[in-house]
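Trainee: Could we go through the pockets of this structure together? I would like to start with the model itself.

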Amino acid sequence: MIDIIFCIFQTTTPLFIDGKFIESQTNEWIDIHDPATNEVVSRVPCATDSEMNSAVAAADRAFQSWKETSILTRQQVMFKLQDLIRTNSPEIAKIITMEQGKTLLDAEGDVFRGLQVVEHACSITSLQLGESLPSVAKDMDTYTYRIPLGVTAGITPFNFPAMIPLWMFPMALVCGNTSVIKPSERDPGAVMLMMKLAQDAGIPDGAVNVIHGAKRAVNFILDNPVIKAVSFVGSDQAGEYIYERGSANGKRVQSNMGAKNHGVILPDANKEATLNALCGAAFGAAGQRCMALSTAVFVGETKNWIPELVERAKKLKVSAGAEPEADLGPLITPEAKDRVCKLVQSGVNEGAGLILDGRDISVKGYENGNFVGPTILTDVKPDMECYTEEIFGPVLVTLNVDTLDEAISLINKNPYGNGTAVFTNSGAAARKFQNEVDVGQIGINVPIPVPLPMFAFTGSRGSFRGDTNFYGKSGIAFYTQTKTITSLWREEDATDKVAPTAMPTMK
């Protein structure tokens, strides 16, 4: 069945409303291109107002019964969903590679990291436990439990078309909510395949729905009064807009935005392991990760390691993601490539050294693709545009400092707070770094410190807007409302035949 759906979606991408794949009646369509060739592989509709309203209405109807579904039933649905995603992950990865461009191996990792969140959702019977305190006063008990919010929404980015949606709708559903997802208009296929799997797992009609479009669809989600909470991952500009407009309309919003992630290299670090980590974290996924290690801070004599880093980067194979030998694929659009190239040139114009230039790379058989090879800028200063902007491509900017204190100060002055890493064999240095650096997620000899789902994704400062982070215990808190009950059952009422009429007191 998944193969049949895969073939159908190559022509046009349907909507998914109330348990049905529906061909949109819109007059507005967006072409989906294979980034390796720029050939059109499908079209995605800009859903009409009527279609988007139908999706929300379906979610609202489904919520009335889904919220009453036992937590054990919801747990069983998640067990089935994770098994189906695992079984069909190769097909999901194929469509990710076709629409997004990343290598098949990276696409499989995209699916797997999302799958881990679904597996975490299977622990809902423990995650959604409330609290209780008996005998807060004589014959009086207080306890809490978590109830679902209602209809929720997710707005997802192009760079992780499986993982990020799986951060959203499974957590929302397992808590008893329903969901409307708007995937990126550039690569919606993975979400559509997962809707078929959700249906097969037993998620009821209307509990999860998919609409498509660009800004008009986003505004619809932010303004619709039935939608109670919005999750977003994407760019700074969009994230700030979504947070402000959604919050102004009384919605809960969690908004993960841009980043400038630093890797600090100390002289006592394991040289070979560190250089390999820098290459993988800077250039993997063509740098299109919000957790990419895009900035290397070489402390003291470690700047002498940079030529060896260049040699490692030169060995990485740039090709179409479907090619088995590819280490990194193309960027998502020609416009993304142009932006990356302009930011590299801005570094050169401002005095940075361009010691590895991947801008003019040509990939045999894919000459029309959006390819940029590994690129390294040296002697970058904090006021340069290539440092202040998130490049979002396979570009590593390097800075040199003399001490760990200088490195920490540099990171703390940067407005972003998504992730950072330190490479060292000194426990004392690592402890100093983790305590003093003001960043939400820290890796010690770990270049991309994305936490496993039992912990929350805790990007901070300019990288996150909202009060409650994704998945982990924070995710449960985001998708539920705490209800507190204080009950009084007087001991004497069990035997007295006359009810007391005096004002109750607490003793």
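This is a predicted model: local features need pLDDT of at least 70, side-chain atom pairs count only at pLDDT 80 or more; totals for chains, interfaces and linings use all residues.

Trainee: What volume does the largest pocket have?
Mentor: Its volume is about 1,100 Å³. A pocket here is an open set of points on a 1 Å grid over the protein atoms alone, where a 1.4 Å probe fits, with protein on both sides within 12 Å along at least five of seven lines; lining residues have an atom within 4 Å of a point. The volume is the space filled by probe spheres set on the points, which are joined across faces, edges and corners.

Trainee: And which residues lie nearest its centre?
Mentor: Phe-158, Arg-186, Gly-234, Ser-235 and Ala-238 do, out of 38 lining residues.

Trainee: Which helix gives the most to that lining?
Mentor: H9 does, with five residues. Helices are DSSP runs of H or I with at least four residues, and strands are runs of E with at least two, numbered from the N terminus.

Trainee: How much space lies in the second largest pocket?
Mentor: About 270 Å³. Its lining has 14 residues, with Arg-113, Phe-160, Met-163, Arg-289 and Val-450 closest to the centre. H4 supplies the largest share, four residues.

Trainee: Changing topic, what is Trp-167 in contact with?
Mentor: Beyond neighbours within four places in sequence, Trp-167 is in contact (heavy atoms within 4.5 Å) with Val-117, Val-233, Asn-256, Phe-457, Phe-470 and Tyr-471.

Methods
Residues are numbered from 1 along each chain as its sequence is written. Side-chain values use heavy atoms; hydrogens and water are left out.
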